[in-house]
Amino acid sequence: LKVAWANPLGAGSIIRLAAWGGEDMRLELAGPWSRGPVRETAMTERRFRRNFESLASIVAFVNEFFAAHGIRAEQANDVNLIIEELFTNMVKYSRESREDVAVGLEWNAPVITLKLEDFGVEPFDVTQPPPIDAAAKPGGLGLQLVQRMAESLDYRWANRVSTITATKRLDV
Amino acid sequence: MFEIQMVEPGQVRLSGRLDAAEAERTHAELGQVDGPLTVDCSELTYISSAGISVLMEIHKRLTKAGQAFILTGMTPRVRNVFRYAGLDRVLRIE
C-alpha cells in the first residue's frame, strides 16, 4: 500500500481506516479537516497475458466487476470495446515486451475509470488525433473508436511503462 | 462465444462477439466468398475494430468485383460502433 498525501495533515488530525481488505478495497478517510467522510474506492486490477486469447478473460473480469458493483450488464459493451482496442493495440505494437498487461477498473457512479499499464515498452501516445483515413493506419480505427467513446483519455509514459487512463460515463 | 452460420448460398448469420480473437477465423471463412453476400447481424452482440476491418475488407473486395455486400438486422449497440467508426454511410446497412 502506498499513500501519498496531496496536502500535509495538520496537527491533531485523526485518520480512521474502515472496511479494509479483499481485492476490491475501499479506503475511508475521515478527519477534522473534512465535513464528512471522504471515500476513495480503490482500483480493482488484474493482469493478463499479452495475446488475443486474453480477451475472453478480460470480458469475464469486466462482467464480474459490473456484477459486484450492481452495474447493469448491458452497459459493459462500451467498456469492453475501449479495453479491447487499447489492449490489442499494446499486443500488436509493443512487441518488445513480454510482460503481462495490467487492467484496472474503478467505479465512482456514474463514471467508470479504466486503466491499462504496459510494462517495458516504448512510448505510443494513444491520445494523438487519428489520421484522416484512420482505418488505413496501424491501430487507427481502434483508437478512433476509443477517442469517440471515452469521455476522457490520458496517456503517460515513464520508466518504460505506458499508462492509459480512460473514463466513461454510464447510464445508471 | 462467436459463431458463423452459412444459412444459404450468399447468406451468412453472425452471432455472439466478433472481437480480435475471432477476426482471423472470420476472415478465413468469409474471405473466400466471391458472390453477393448478405450478413445477418441480428444476433451479433459485440463488434470491435478488428471485426469491422474484416467486414470492410470483404466489402471492398466484393464491391470492386461488382457484387453486393449487405449487413442486416444490427442491434443499436452494434450499429453505434459502425457509426463511431464513420462507416455506417460507407457500408450498405439495412
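Me: How much area do chain A and chain B bury between them?
Reply: About 1500 Å², with 56% of it on carbon and sulfur atoms. Keep in mind that this is a predicted model.

Me: Which residues of chain A lose the most area to chain B?
Reply: A:Asn77, A:Glu84 and A:Leu141. Together they make up 31% of what that side buries.

Me: And how many residues are in contact on each side?
Reply: 17 residues of chain A touch 17 residues of chain B.

Me: OK, and how many residue pairs in polar contact?
Reply: Eleven between chain A and chain B, counting pairs with both residues at pLDDT 80 or more.

Me: Which helices of chain A supply residues to that side?
Reply: α1 (54-68), α2 (76-93) and α3 (140-149) of chain A. Each supplies at least two residues of the side that touches chain B.

Me: How does that side of chain A split by class?
Reply: Seven residues are nonpolar, six are polar and four are charged.

Me: Let's go to the helix pair. At what angle do α3(A) and α3 of chain B cross?
Reply: Roughly 110 degrees. Their axes come within 9 Å, and the chain B helix covers residues 76-84. A crossing angle of 65 to 115 degrees counts as roughly perpendicular, so α3(A) and α3(B) are roughly perpendicular to each other.

Me: Which residues meet there, α3(A) to α3(B)?
Reply: From α3(A), A:Gln144, A:Leu145, A:Arg148 and A:Met149. From α3(B), B:Val81, B:Arg83 and B:Tyr84. The residues of this contact divide into four nonpolar, one polar and two charged.

Me: New topic, backbone. Where is the cis peptide bond in chain A?
Reply: Between A:Ala109 and A:Pro110, with omega about 5 degrees. A:Pro110 sits in the loop between β4 (101-108) and β5 (111-119) of chain A.

Me: And what is phi of A:Asn159?
Reply: Near 55 degrees, a positive value in a residue other than glycine. Most residues other than glycine have a negative phi.

Me: Where does A:Asn159 lie?
Reply: In the loop between β6 (152-158) and β7 (161-169) of chain A.

Terms used:
Residues are numbered from 1 along each chain as its sequence is written. Chains are lettered from A and ligands numbered from 1 in the order in which they are written. This is a predicted model: local features need pLDDT of at least 70, side-chain atom pairs count only at pLDDT 80 or more; totals for chains, interfaces and linings use all residues. Side-chain values use heavy atoms; hydrogens and water are left out. Contact means heavy atoms within 4.5 Å. Buried area is the accessible area (1.4 Å probe) that two parts lose on being put together, summed over both. A polar contact is a pair of N or O atoms within 3.5 Å; within protein, one must be able to donate a hydrogen and the other to accept it, and residues adjacent in sequence count only if both atoms are side-chain atoms. Helices (H or I, at least four residues) and strands (E, at least two) are DSSP runs, numbered from the N terminus. Ala, Val, Leu, Ile, Met, Phe, Trp, Tyr, Cys and Pro count as nonpolar, Asp, Glu, Lys and Arg as charged, and the others, Gly among them, as polar. Axes are lines fitted to C-alpha atoms, for helices over the stretch in contact, and angles run from 0 to 180 degrees between N-to-C directions. Angles under 35 degrees count as roughly parallel, over 145 as roughly antiparallel, 65 to 115 as roughly perpendicular and the rest as oblique.
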